[in-house]
Amino acid sequence: MSSNTSDYLRSVLDKIKNIDYIKPEDIPNIELYMDQVTTFMDEHLESTKRYDSDKILTKTMINNYAKNNLLPPPVKKKYSKEHMLLLIFIYYFKNILSITDIQNLLTPLTEKYFNAEEGMNLQDIYNEVFSFEKEQADRLVKDILVEYKKSFTSFSDAPEEAKDFLHLFSFICMLSFDVYVKKLLIEKLVDDIAPSQSAESKKDKAK
């Protein structure tokens, strides 16, 4: 592969190793208006953008999440800290899951833990899930490096001038297969959480 690809891979792996997430204590303890919510998300998740012009969350997105029951409606147009935690979950899920799948996944959380007055609350769940982040990131870096090195063993008989592209293509295919398999597993697990809703969704798609 080209040196540009190698340099880019190193930069991505360094970013994964140093990846950070929005800590609950970073979220204001006061309720926020829509503009404040989008500004906060843009500032704290800017490093996840592919292009500078990309938007993390827009007003339209957030309104649609509330309309589709992914997010409890704001109170007097203000969003609480727990709204913000759900929006962070939604932001990560929306890259790989459908709106229906996210709804099925988050509904049990919001019904039981949103504004919970006793026992475990949404912030406790958020803290627990993201406590695995560092360990997961280290494992991910190792897996990516294994696939990267393996890609160099592919197409050994190809013409020399074609090898860079074919190695890159092989690497992309390995990464894509990994994502594909995990996505299938996630969808199956979501279907198990809400089998009746998932069955109805499949019927709607078939119409």
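Guide: A residue is called buried under 20% relative accessible area, exposed over 50%, and partly exposed in between (1.4 Å probe, protein chains only). This is a predicted model, in which local features need pLDDT of at least 70 and side-chain atom pairs count only at pLDDT 80 or more, while totals for chains, interfaces and linings use all residues. Residues are numbered from 1 along each chain as its sequence is written, and side-chain values use heavy atoms, with hydrogens and water left out.

Visitor: Is N69 buried or exposed?

Guide: N69 counts as exposed, because its relative accessibility is 52%. N69 lies in the loop between α3 (59-67) and α4.

Visitor: What is the phi of N69?

Guide: Most residues other than glycine have a negative phi. The phi of N69, however, is near 65°, a positive value. K76 also has a positive phi, near 55°. K76 is placed in the loop between α3 and α4, and at 76% relative accessibility K76 counts as exposed.

Visitor: How many helices and strands does the protein chain have?

Guide: Helices (H or I, at least four residues) and strands (E, at least two) are DSSP runs, numbered from the N terminus. The protein chain has nine helices and zero strands. Of its 207 residues, 33% are buried.

Visitor: Which residues of α4 and α6 meet?

Guide: Contact means heavy atoms within 4.5 Å. On the α4 side the residues include L85, L86 and F89, and on the α6 side they include Y126, V129 and F130.

Visitor: Is S170 buried or exposed?

Guide: S170 belongs to helix α8 and is buried, because its relative accessible area is 14%. Leaving aside neighbours within four places in sequence, S170 is in contact with S151, S154 and F155.

Visitor: Where is F177, and is this residue buried or exposed?

Guide: F177 is found in helix α8 (residues 160-193). F177 is exposed, because its relative accessible area is 54%.
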